[in-house]
Amino acid sequence: MSLRVCFFGNSHIAALREAWRDDAARWPGLEPSFVGAHKDLLLKTVHRNGRLVPSGNATADAFRRLGGVEDVDLGAFDAFVVTGCLISVATAANTYRDCRWVGLPSLEAKHDLAAGPERLLSYAAARASMQAAMATRLGPKFVTHLRAMTDKPILLTSQPRVSAAIKAKRRSVTRAHHTALSNGDAEGLSAIFEDAAARVIAECGARFVPQPAPTIEDHILTALPYMNGAKRLTARGNLPQPKDDIMHANAAYGALVIDQVVSTLGDKGSA
Amino acid sequence: MSHPYVGMPPEAFWKTAVAETDREAFPGLYRPAFAITHDTTVATAGSCFAQHIGRYLRIAGCTVLDAEPPPRSMPEPVAQRYGYSLFSGRYGNVYTARQMRQLLEEVADGSAEHRFVWENDGRYRDAFRPTVEPEGLDSAEEVILHRNYHLERTSRMLQQADVFVFTLGLTEAWEDRETGRVFPICPGVAGGTFDPDQHVFRNFTHAEILADLYAIQAQLRRFNPEMKLLVTVSPVPLTATATGQHVLEATSWSKATLRAAAGEFVAQSKDAAYFPSYEIVTHPASGGPWFEPNLRSVKIEAVEKVMAIFLEAHGLLDGAPAEPSQSTEQNEDDSDSEDDLICDDLLLQAFAG
C-alpha cells in the first residue's frame with residue numbers, strides 16, 4: 001500500500017532527503033517528494049487550484065532547484081510533513097537563560113531564590129513564553145499556511161538538537177545548554193520544549209513529532225553519529241556542512257525521522 | 001476693601017483657572033510637591049489605571065522599578081497575561097488602601113500562609129493575586145514558594161524606590177472574617193469558593209481609608225525613610241457593587257470617599273502629594289467625553305492628556321515620545337480598548353447577565 005508524502009522544510013530537510021537517496025528500500029510503499037527552501041521562502045507561496053504555488057521568483061527558483069518541481073499538487077499526497085523550520089530546543093534554552101521553574105533540580109537546590117539572577121517562573125508561564133516564541137517561527141507559520149489549503153494530515157518534525165560536539169568545545173551561542181547540562185536541568189529543559197512544541201503545533205492543526213530518542217544525548221544534544229557527515233541543502237546534496245556546524249544532522253538521523261513519520265502516519269487519527 | 005481672595009493666584013478662581021484657561025494643559029492644576037526626574041526611581045501600584053502611569057513614565061525615560069521582570073525572551077502579551085511588568089511588583093491589581101497596607105505589612109514582616117491558597121479543580125492560586133497565574137499552579141506548596149519569592153523581590157524593589165505611586169481604585173472589598181485580610185476580588189470570581197460565613201463585604205469609610213494611607217506611608221518608610229508617596233484616584237467606575245445601591249451611585253460614593261481621604265491625607269502629610277488624574281478625566285470642565293462607549297474604559301486620548309499634564313509638571317515631557325508605546329498603538333485598533341489594561345474586576349462583568 002502506498003503512502004504519498006510531501007516533505008517540506010528548510011535546510012534540515014537535507015538529512016531526510018539524503019536518507020531516502022541512500023536507502024529508499026527501507027520504506028516500501030513510501031512515495032516521498034522533498035520540497036526544500038531556505039529561510040522563509042516556503043511562506044512565499046499561495047493556494048491556487050488545489051496547488052501550492054510560489055508567489056515569487058526566489059521561491060519558484062528554490063522549488064525548481066531543490067525540489068525539481070514548479071509547484072505542489074496538494075491533492076496528490078496522503079499527508080504532509082514539515083521538518084525543522086526552527087522548532088528546536090533553542091527556544092526553550094532562550095527562556096532558561098534567565099529563569100527557572102519548579103521541577104528543575106537547580107531550583108530545588110537553591111536556598112534563596114530571590115537573591116539569584118535567575119527569575120522564578122511557573123512552568124505554565126515558561127511554557128507559554130516558549131509557545132508564543134515558537135508560534136512566530138517558520139514551522140508553525142507554514143503549518144498554518146498549509147492547513148488552510150488542505151485537510152490532509154500534517155506532521156511537523158523537530159529540528160535536531162545541537163550537536164554533542166559542544167561538550168568538547170564550548171560555544172557562546174549554546175551558553176544556556178552548557179548551564180543546563182552542568183546544573184542537571186537538561187532533562188527538564190527537554191521536557192518543557194517537547195510539551196510547548198506539541199501544544200503550539202496542535203494549535204496550528206498539525207501533530208508534533210519529537211526528535212527520535214536514539215539520536216538524543218544528555219536530553220538536549222544530538223549524538224555525534226547522527227551529526228557527522230551532514231550535507232547542505234543543495235540541488236545535488238554533495239556539499240558537506242562546515243566542520244563547525246552544530247545544527248544539522250545527517251542521513252542516519254534523517255532515516256530515523258522518516259521511520260517516525262511512516263509509523264505516525266500509519267496510526268489512525270494522526271494529526 | 002481687603003479680604004483673603006484679593007491677590008490670590010489665577011488657579012484659585014474658576015473663571016481664570018477653568019473657564020478661560022487652556023483646558024488641555026490646565027496650567028497650575030498640578031504643582032508637584034516633590035521632583036521626579038529621569039534619575040528618580042519610581043515604584044507603582046494600584047488599580048488598573050496605575051498601569052498607565054508606569055508605562056508613560058517609562059516612555060518619558062524614567063526609571064520605573066520592576067521587582068520581577070519577565071524573562072527577556074517572553075513576548076509582551078504573554079508577560080501581561082501572567083502579570084509581569086504591569087506594576088512595579090507582580091502583585092496584580094491593588095484596588096483598596098487596605099489591600100495595599102496589608103501587602104506592605106506582609107512584605108515587611110510576613111510570609112505566605114497556606115490558608116490563603118485557593119484550590120479549584122486541582123489547581124492552586126494565590127488568593128491575593130489570583131489572576132497572575134491564569135492556569136493556577138500544581139500545588140499549594142508551589143503557590144507558597146512563588147508568594148514568598150514575590151514578597152522578597154518586592155521588598156528588595158521597595159528599598160530602591162524614591163517615589164511610590166499608588167492609585168486608589170475602590171472602597172469595596174471582601175474580607176476574610178477571621179484574619180481581617182482583604183482580597184483583590186471576591187472569592188469565587190477568579191478562584192476560591194465564596195463562603196458567606198467566612199467572607200465579609202466591606203465598604204471602607206473615609207476614616208478607614210485615611211488610616212490605611214497613613215499606615216501605607218509608615219510601611220514605605222521602613223523600606224526607605226526618604227520615600228515620597230504620590231496618590232492618585234482612578235477615574236474608572238466600578239464594574240459592579242455589592243452595596244445594594246445602584247452602581248452609578250456606588251461609584252460616586254466610592255470615588256468621593258477616596259478623593260476626600262486622599263486629599264486629607266496629603267494635606268496633613270509630609271512627603272506626600274496628590275495628582276488629579278481623576279479630575280482630569282471625569283470633570284465636565286475637562287472636555288471629553290473621555291470614556292469609551294462602555295462608559296467605563298478611559299480613552300487613550302484621556303490617558304495621554306493626563307500623563308502629558310503630569311510629565312509637563314515634572315519637566316519630563318521634553319524628549320519624551322509624543323506617541324504612546326508601540327503596544328498601545330496596536331491596541332488602538334482593537335474594538336475594545338479594555339484589552340489594553342489588565343483589570344481583574346472586569347471579571348465581575350461576566351455576572352452582569
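Me: How many residues of chain A are in contact with chain B, and how many of chain B with chain A?
Reply: Two residues are in contact if their C-beta atoms, placed from the backbone, lie within 7 Å. Here 17 residues of chain A touch 20 residues of chain B. The model is predicted: local features need pLDDT of at least 70 and side-chain atom pairs count only at pLDDT 80 or more, while totals for chains, interfaces and linings use all residues. Residues are numbered from 1 along each chain as its sequence is written, and chains are lettered from A and ligands numbered from 1 in the order in which they are written.

Me: Which elements of chain A give two or more residues to that side?
Reply: Helices (H or I, at least four residues) and strands (E, at least two) are DSSP runs, numbered from the N terminus. In chain A, α3 (89-96), β8 (119-121) and α5 (123-135) each give two or more residues to the side that touches chain B. The largest share, six residues, comes from α5(A). By class, this side of chain A has eleven nonpolar, four polar and two charged residues (Ala, Val, Leu, Ile, Met, Phe, Trp, Tyr, Cys and Pro count as nonpolar, Asp, Glu, Lys and Arg as charged, and the others, Gly among them, as polar).

Me: At what angle do α3(A) and α7(A) pack?
Reply: Axes are lines fitted to C-alpha atoms, for helices over the stretch in contact, and angles run from 0 to 180 degrees between N-to-C directions. For α3(A) and α7(A) (residues 175-183) the angle is about 75°, with the axes 9 Å apart. The two helices are therefore roughly perpendicular (under 35 degrees counts as roughly parallel, over 145 as roughly antiparallel, 65 to 115 as roughly perpendicular and the rest as oblique). A93(A), N94(A) and Y96(A) of α3(A) meet A176(A), H177(A) and A180(A) of α7(A). This contact has four nonpolar, two polar and no charged residues.

Me: In what order do the five strands of the open sheet in chain B lie?
Reply: Strands of a sheet pair through backbone hydrogen bonds, either parallel or antiparallel. Two strands pair if DSSP finds at least two bridges between them. In chain B the order is β2-β1-β5-β9-β10, and the pairing is parallel. The edge strands of chain B, β2 (63-64) and β10 (272-274), each pair on one side only. Between them, β5(B) (residues 163-168) and β9(B) (residues 228-233) pair over six bridges, and L168(B) stands opposite V233(B) in β9(B). Helix α7(B) (residues 247-268) packs on this sheet, touching β5, β9 and β10 of chain B. The direction of α7(B) makes about 155° with that of β9(B).
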